[in-house]
Amino acid sequence: MRPLVWLPVAMLGVLAGWAGLRARLPDEGAAIRRAAAAYVAQVPGGRAEDCAGRPGQGAAWIVVACAVGRPEERIYRLDRRGRALDGADVADGF
């Protein structure tokens, strides 16, 4: 009967770990806004409205494309933590 005493403690630890990890992950909107802000900071005259996000594939959670078809075009492939996979300056994630 003794091992069952630790079961609630173990379950609480797992739940706390999951909640902590979940709290640090950005939502899609926050990740897209951060990439759009990076675009605005990098491109003179760039506007956040020039950017749109879509689901990514493979390691890319979200792909944010800005100014598509124009010389100032930027594509940001973001991982699940909001960091750019290609080394683009999109801050340090969340």
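Modeller: A nonpolar core is a set of buried Ala, Val, Leu, Ile, Met, Phe, Trp, Tyr and Cys residues joined through side-chain atoms within 4.5 Å. The model is predicted, so local features need pLDDT of at least 70 and side-chain atom pairs pLDDT 80 or more, while totals for chains, interfaces and linings use all residues. Residues are numbered from 1 along each chain as its sequence is written, and side-chain values use heavy atoms, with hydrogens and water left out.

Colleague: Which residues of the largest nonpolar core touch the most other members?

Modeller: The largest core has 15 residues, and those touching the most other members are Tyr 39, Cys 51, Val 64, Cys 66, Tyr 76 and Leu 78. At least two residues each come from α2 (28-42), β2 (62-66) and β3 (74-78); α2 gives the most, with five. Helices (H or I, at least four residues) and strands (E, at least two) are DSSP runs, numbered from the N terminus.

Colleague: What makes Cys 66 count as buried?

Modeller: Buried means under 20% relative accessible area, exposed over 50%, and partly exposed in between, with a 1.4 Å probe and protein chains only. Cys 66 has a relative accessible area of 0% and is therefore buried. Cys 51, at 14%, is therefore buried also.

Colleague: What does Cys 66 touch, not counting residues up to four places away in sequence?

Modeller: Cys 66 touches Tyr 39, Asp 50, Cys 51, Glu 72, Glu 73, Arg 74 and Tyr 76. Contact means heavy atoms within 4.5 Å.

Colleague: Why is the link of Cys 51 to Cys 66 called a disulfide?

Modeller: A disulfide is a pair of cysteine sulfur atoms within 2.5 Å. The S to S distance from Cys 51 to Cys 66 is 2.0 Å, so the pair meets the cut-off of 2.5 Å. The structure holds one disulfide. The pair links distant parts of the chain, 15 residues apart, with Cys 51 in strand β1 (residues 51-55) and Cys 66 in strand β2. The link is right-handed, with 110° about the S-S bond.

Colleague: What makes Leu 4 count as exposed?

Modeller: Leu 4 has 53% relative accessibility, and exposed means over 50%, so Leu 4 counts as exposed. Leu 4 lies in helix α1 (residues 3-24).

Colleague: How do you know that Asp 79 is buried or exposed?

Modeller: The relative accessible area of Asp 79 is 13%, which is under 20%, so Asp 79 is buried. Asp 79 is in the segment after β3. Leaving aside neighbours within four places in sequence, Asp 79 is in contact with Ala 59, Trp 61 and Leu 85.
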